[in-house]
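Subject: Structure handover

Hello,

The structure is below, and my notes on it follow. Please read them with the model open.

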Amino acid sequence: MTVGADRTPIGAPAGAPPAGPPLPGARGPVSAAVRDALTQDPPPEPAALPLDRARAADPLGEDAQLALYVCYELHYRGFAGVAESWEWQPDLLRLRGVLEDRFLAALREAVPGGTDVTGELDALLVEPLGARGVSHRLKSHGTWERMREYLVHRSLYQLKEADPQAWLIPRLTGQAKASLVAVEFDEFGAGHGDRVHARLFADLMAGAGLDPAYGRYVDHAPAPTLATVNLMSLLGLHRALRGAMAGHFAVLEITSSPGSQRLARALERLGAEPRCVHFFTEHIEADAVHEQLMRRCVIGDLLDREPDQAAAVAFGVQATNYLEARWSDHLLAAWDADRSSLRLPLDA
């Protein structure tokens with residue numbers, strides 16, 4: 001098969017349907033090595049996966065975050081032309097482990113830590129006076145151009161909404177497990193395929209004139225966006241981080257309703273189609289209920305059974321807030337400078 005540009009599927013049999021999105025283009029030596037390895041059948045050639053370069057890479061930078069994202073996507077839908085046997089290939093997992101250790105270390109250094117779960121969750125319910133985040137900006141005077149950028153950033157997670165958090169289910173028991181399943185049941189459309197939240201977001205993207213294909217905009221997304229998604233995969237894939245995943249998911253559910261309300265109003269102000277607004281109005285009421293389930297029934301029961309998980313839960317809350325703040329700062333700084341927050345123009 002002829003190899004084209006970086007996004008061209010490589011190695012797929014002639015006439016075979018793609019198994020997933022194309023591999024994204026590399027952003028440095030580590031992501032290039034991962035990308036090059038995945039175009040071959042495993043295992044890679046000796047020294048093909050550079051552990052030393054992974055150890056030296058900026059853990060929050062473009063190269064390391066893209067390499068992590070590509071590794072994690074093998075556990076979701078994979079990539080077109082990439083052998084499915086790469087998912088658990090030991091050499092690739094070894095490289096991923098180095099990147100994960102560096103990512104976790106950077107996050108632990110950036111947040112205060114502690115075990116005050118109640119204090120961390122209470123703080124999520126109080127919005128600072130004069131808060132000026134991305135949803136505030138879009139509600140007050142966002143343009144269609146900026147709204148579409150926002151949707152592209154969020155598409156990396158929203159098109160697989162609640163999938164990473166589903167890995168937490170087998171790691172819980174009792175009421176915590178039952179309540180988490182109740183939240184996930186709603187996220188996955190309560191048994192109705194056309195109401196799955198990822199499907200609703202795809203409908204929103206189409207209504208906004210964007211391509212709703214899974215993975216379409218990975219090349220457009222900068223490292224701060226990749227990091228918010230990689231955190232979910234990291235916490236979900238490791239049983240040892242189950243408490244942190246519970247804290248992370250609580251942040252998403254507790255902060256979702258007010259943000260969704262602002263974004264729904266922004267879309268209405270911009271004259272968006274009803275299917276665009278529907279994604280956010282669906283989250284206003286649902287996530288208000290999920291907030292209580294996550295806080296009282298999932299985290300509450302988890303800590304009753306495993307009180308030693310308090311530090312992990314607090315870390316999950318703090319790490320999520322930290323990466324979301326970095327992401328918000330990136331967008332607002334770009335918009336304040338009257339430039340795009342994406343790596344590539346939307347027509348690319």
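One cavity reaches 30 Å³ or more, and about 40 Å³ of space lies in the largest cavity. This is a predicted model, in which local features need pLDDT of at least 70 and side-chain atom pairs count only at pLDDT 80 or more, while totals for chains, interfaces and linings use all residues. Residues are numbered from 1 along each chain as its sequence is written, and side-chain values use heavy atoms, with hydrogens and water left out.

A cavity here is a set of points, on a 1 Å grid over the protein atoms alone, where a 1.4 Å probe fits but cannot get out; a pocket is an open set with protein on both sides within 12 Å along at least five of seven lines; lining residues have an atom within 4 Å of a point. Grid points are joined across faces, edges and corners, and a volume is the space filled by probe spheres set on the points.

The lining of the largest cavity consists of Thr228, Leu231, Met232, His248, Thr320, Leu323 and Glu324. Helices α11 and α14 each supply at least two of its residues (helices are DSSP runs of H or I, at least four residues, numbered from the N terminus).

The largest pocket holds about 1200 Å³ of space. It is lined by 46 residues, and Arg154, Thr255, Ser256, Arg262 and Glu324 are the closest to its centre. Two or more lining residues come from each of several elements, including α7 (144-158), α12 (242-269) and α14 (310-336). The most come from α12, with twelve residues.

Arg154 also lies over the face of Trp327, at 3.8 Å from the ring centre. Likewise, Arg108 lies over the face of Phe315, at 4.3 Å. The rule is that NZ of Lys or CZ of Arg is within 6 Å of the ring centre and within 35 degrees of the ring normal.

Next, the packing. Seven of the ten residues of helix α1 (residues 29-38) are buried, so α1 is largely enclosed by the rest of the structure (buried means under 20% relative accessible area, exposed over 50%, with a 1.4 Å probe and protein chains only). The buried ones are Val30, Ser31, Ala33, Val34, Arg35, Ala37 and Leu38, and their cover includes α2 (51-56), α3 (62-73) and α4 (90-110). Leu95 is in α4 and is buried at 0% relative accessibility. Its contacts (heavy atoms within 4.5 Å) beyond four places in sequence are Val30, Val34, Leu49, Pro50, Leu51 and Ala54.

The largest nonpolar core has 69 residues, of which Val34, Leu38, Leu92, Leu99, Phe103, Leu121 and Ile299 touch the most other members. Apart from it lies another core of 33 residues, among them Ala208, Leu210, Leu267 and Trp327. Such a core is a set of buried Ala, Val, Leu, Ile, Met, Phe, Trp, Tyr and Cys residues joined through side-chain atoms within 4.5 Å.

There are four aromatic pairs. The ring centres of Phe279 and Phe280 are 5.0 Å apart and the planes are at 85°, so this pair is edge-to-face (centres within 6.5 Å make a pair; planes under 30 degrees apart are stacked, over 60 edge-to-face, the rest tilted).

By contrast, Pro128, in the loop between α5 and α6, is exposed, with a relative accessible area of 58%.

Regards

Technical notes:
Rings of Phe, Tyr and Trp (its six-membered ring) pair if their centres lie within 6.5 Å; planes under 30 degrees apart count as stacked, over 60 as edge-to-face and the rest as tilted.
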